[in-house]
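Reader: I would like to learn how to read pockets, salt bridges and surface patches in a model. Please take me through them one at a time.

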Amino acid sequence: MSVLPLDDVRVVELGQLLAGPFCGQLLGDFGAEVIKVEDPGRGDPMRQWGREKPYGLSLWWPVVARNKKSVTCDLRTPEGQALVKRLVATADVLLENFRPGTLERWGMSPEELHALNPRLVITRVTGFGQTGPYAPRAGYGSIGEAMGGIRHVTGDPDRPPSRTGISIGDSLAATHACVGTLVALHERERSGKGQVVDSAIYEAVLAMMESLIPEWQQASYRRERTGPVLPNVSPSNVYPAKDGDSLLIAANQDSVFGRLARVMGRPELAEDARFATHGARGEHMAELDELIAAWTATLPADDLLRTLHEGGVPAGRIYTAEDMFTDPHFAAREAIVRVPHPEFGELAMQNVVPKLSATPGAVRTAGPALGQHNDEVYGGLLGLTAQELSGLKDKGVV
């Protein structure tokens, strides 16, 4: 295996569920040693989450906890807090997503941790951030999605706001936390000091909302739900094929629309005043969609796709997981990998992104068993004796 770009970084992950642990997954994908600290006996609730549970086991846990080591520790006890402080003293990053004030109650405020390890980057993921009037509130991803703006614009216009089908708020906050962590590690090389990375779910969602803020501030324009289309961006929609399948076609740029018009056998449409410019197509979106749908409905999906691709028009099916497993492009780029697992045998999951040419990341292991690395970390890294570790187990600390 090639050298992993973060294999000199140690991360202590204290969080649970998704908003913090997905950040740990991203860092681990590129080689960071991620030591996940879990509650003894129960572990991260993600061990039980997920719709399908073959053998009674979560299929989500092996993904979000991949490339991580699991140790157990009761952070509510003085002994557990002391143990984690010893661990943090050896680390580059502490990652947590508890409600603000929790670490402080446990005697692990940023000030106290930086006194132990001045180079420590402390990455904190919460619903509303570490400051402000809402900071003490409990904040799940769905609330951040609602406040950040994405829920209001998701779904069909004649129905209440919808969710995207995945935990996008948590994942966005974790992704921004990962970016912030890498930036802080880079800055540490200049200053020699760590700092706090404060990633709030609602702000991570807000950051993705394009021009929503200035549209309201400058023009009093409020974005609304528009279903599968983008307002004033046409053609970009889902169109029917002859065999009942549906394809997404995106040809909203002037030159690309010209190619679509030629593929349709209607080159004159590109010169029609109703469709000749981006703005005109936006104004006549419904009319243009009807023309395109009437044409797409004359061809089976495979023929339609081939015709569009040969003509240089962006188009594609709306994939399910089943489609991904059989797609040759997914296979060629190894977008899906298979990882050994003690219960599932060979477990398929999405690969690491983005791809690096010289030092790519890798999925090395699936999510670990609870406390699988207690002896390695506490005994090997921290130097606890077998007797000391046995005593902590007897007390329920690990």
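Reader: How many salt bridges does a search of the whole structure find?

Author: This is a predicted model, where local features need pLDDT of at least 70, side-chain atom pairs count only at pLDDT 80 or more, and totals for chains, interfaces and linings use all residues. Residues are numbered from 1 along each chain as its sequence is written, and side-chain values use heavy atoms, with hydrogens and water left out. A salt bridge is a side-chain nitrogen of Lys or Arg within 4 Å of a carboxyl oxygen of Asp or Glu. The search of the whole structure finds 25.

Reader: Which residue forms a salt bridge with arginine 10?

Author: Glutamate 33 does, with the closest N and O atoms 2.7 Å apart. Arginine 10 lies in strand β1 (residues 10-13) and glutamate 33 in strand β2, so the pair ties together parts that are 23 residues apart in sequence. Helices (H or I, at least four residues) and strands (E, at least two) are DSSP runs, numbered from the N terminus.

Reader: Is arginine 10 buried or exposed?

Author: Buried means under 20% relative accessible area, exposed over 50%, and partly exposed in between (1.4 Å probe, protein chains only). Arginine 10 has 18% relative accessibility, so it counts as buried. Glutamate 33, at 22%, is partly exposed.

Reader: Where do aspartate 92 and arginine 188 lie?

Author: Their side chains meet in a salt bridge (3.1 Å, N to O). Aspartate 92 lies in the loop between α3 (78-88) and β4 (93-96), and arginine 188 in helix α7, so the pair ties together parts 96 residues apart in sequence. Aspartate 92 is buried, with a relative accessible area of 15%. Arginine 188 is buried too, at 7%.

Reader: What about glutamate 287 and arginine 274?

Author: They form a salt bridge, with the closest N and O atoms 2.1 Å apart. Glutamate 287 sits in helix α12 (residues 285-296), and arginine 274 in the loop between α10 (254-263) and α11 (278-283), so this pair ties together parts 13 residues apart in sequence. Glutamate 287 is partly exposed, at 32% relative accessible area. Arginine 274 is partly exposed as well, at 29%.

Reader: Which residues do salt bridges that share partners join into one network?

Author: Arg10, Glu33, Lys69 and Glu376.

Reader: Now pockets. How much space lies in the largest pocket?

Author: Rolling a probe the size of a water molecule over the atoms shows where empty space is left. On a 1 Å grid over the protein atoms alone, a pocket is an open set of points where a 1.4 Å probe fits, with protein on both sides within 12 Å along at least five of seven lines; lining residues have an atom within 4 Å of a point. The largest pocket holds about 1,400 Å³. Of its 42 lining residues, the closest to its centre are Phe22, Gln25, Trp60, Val63 and Gln350. Helix α7 gives the largest share of the lining, five residues.

Reader: And the second largest pocket?

Author: About 940 Å³ of space lies there. Of the 42 residues lining this pocket, the closest to its centre are Gln16, Leu17, Asn97, Phe98 and Tyr140.

Reader: Where does tyrosine 140 lie?

Author: Tyrosine 140 is in the loop between β5 (121-126) and α6 (141-148). Its relative accessible area is 54%, so tyrosine 140 is exposed.

Notes
Points joined across faces, edges and corners; volume = space filled by probe spheres on them.
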